[in-house]
Amino acid sequence: MAVTVKSENAIELMRAAGNILGRVHLELQKSLKEGMSTKDVDRLGEEIIRSYGCIPSFLGYQGYPASVCVSVNDEVVHGIPSDKRIIKDGDIVSLDIGVIYKGYHSDAARTHGVGNITSEAKRLIEDTRGSFFAGIRQAKAGNHLHQISNAVNSYAVKRGYGVVRDLAGHGIGTHLHEDPIIPNYRQIRKGLKLKSGMTLAVEPMLNIGSYAVEWLDDDWTVVTADHTLSAHYENTILVTENGPEILSITDEELKSLDITGK
Ligand code: MF3
Ligand code: CO
């Protein structure tokens with residue numbers, strides 16, 4: 001599939017989809033509490049998505065059975081919500097959500113600490129978000145894709161993390177997954193030249209230990225091979241002449257973040 005440059009009309013719809021997704025994340029985060037099952041989180045997430053007139057894009061995608069991927073602790077991504085998995089104090093919980101609004105997709109993930117988490121876990125969550133922001137700073141017209149990958153990688157490696165290699169970011173638009181594939185680790189080849197109007201989902205996954213991951217027998221849940229904690233941070237962005245416009249975050253959430261670009 002060729003990489004597409006979105007029309008003004010498509011970009012407006014992707015802004016709308018992204019804004020809704022940003023709100024969905026904020027609302028779901030507010031309700032996330034110890035004692036909930038991961039299925040409770042999914043049910044509530046689906047309800048919030050539909051309250052905005054959106055369709056949950058993950059539900060039924062290649063057979064995935066839920067609207068929200070809920071991945072706890074050593075689970076990296078694609079955790080399947082379950083009534084039996086109860087969230088407890090000290091857990092870190094990654095919520096990955098996709099919505100479709102008027103035919104356009106938006107995709108975003110956050111990792112949250114529940115109750116009292118270790119300082120190591122807190123640092124992992126913040127640094128995973130930091131690696132995303134380091135990466136997208138390179139998302140301007142004329143740059144090449146590997147600049148995003150290399151910026152994410154060096155930010156993470158400098159801080160001692162393993163950068164997951166078996167999963168990557170992606171283009172997004174009328175489909176959840178479009179070209180290009182956006183790796184989070186160092187790339188030798190320059191890759192695609194970025195153009196204004198491209199929309200990308202950049203999504204670093206960082207582990208406290210090794211980058212190696214494994215798939216559970218449910219064929220979805222990805223876990224760290226060494227069972228160290230993992231965090232995920234993702235937004236749908238628009239490439240412009242001046243840099244990235246983050247589509248899937250509200251102004252409220254963006255302002256609350258400490259993004260100093262260290
Ligand atoms: N953000 C994830 C991705 O881009 C979400 C996909 S989960 C699935 O791969 F359930 F839809 F597969
Ligand atoms: Co994605």
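Analyst: Ala, Val, Leu, Ile, Met, Phe, Trp, Tyr, Cys and Pro count as nonpolar, Asp, Glu, Lys and Arg as charged, and the others, Gly among them, as polar. Heads-up, this is a predicted model: local features need pLDDT of at least 70, side-chain atom pairs count only at pLDDT 80 or more, and totals for chains, interfaces and linings use all residues. Residues are numbered from 1 along each chain as its sequence is written, chains are lettered from A and ligands numbered from 1 in the order written, and side-chain values use heavy atoms, leaving out hydrogens and water.

User: How many residues of the shell around ligand 1 are charged?

Analyst: The shell holds 13 residues, with Tyr64, Asp96, His170, His177 and Glu203 the closest (a residue is near if one of its heavy atoms lies within 4 Å). Six of the shell residues are nonpolar and three are polar. The charged ones number four.

User: How far is a polar side-chain atom of His170 from an oxygen atom of ligand 1?

Analyst: A polar contact here is a pair of N or O atoms within 3.5 Å. On the nitrogen side of ligand 1, a side-chain N or O of Asp96 sits 2.7 Å away, and one of Glu234 is 3.1 Å from a ligand nitrogen. His170 reaches a ligand oxygen instead, at 2.8 Å.

User: What share of the area that ligand 1 exposes alone does the protein bury?

Analyst: Areas come from the Shrake-Rupley method with a 1.4 Å probe. Taken alone, ligand 1 exposes 330 Å². The protein buries 95% of that.

User: Which residue in S13 is the bridge partner of Asn207?

Analyst: Strands are DSSP E runs of at least two residues, numbered from the N terminus, and two strands pair if DSSP finds at least two bridges between them. S6, S10 and S13 make an open antiparallel sheet in that order, with S6 (162-163) and S13 (230-232) at the edges. Three bridges join S10 (residues 205-207) to S13. In S13, Asn207 is partnered by Ser230.

User: How many residues lie between S14 and S15 in their hairpin?

Analyst: S14 (residues 235-240) and S15 (residues 243-246) pair antiparallel over four bridges. One pairing has Val239 facing Pro244 of S15 as its bridge partner. Between the two strands of this hairpin, the residues number two.

Key. A polar contact is a pair of N or O atoms within 3.5 Å; within protein, one must be able to donate a hydrogen and the other to accept it, and residues adjacent in sequence count only if both atoms are side-chain atoms.
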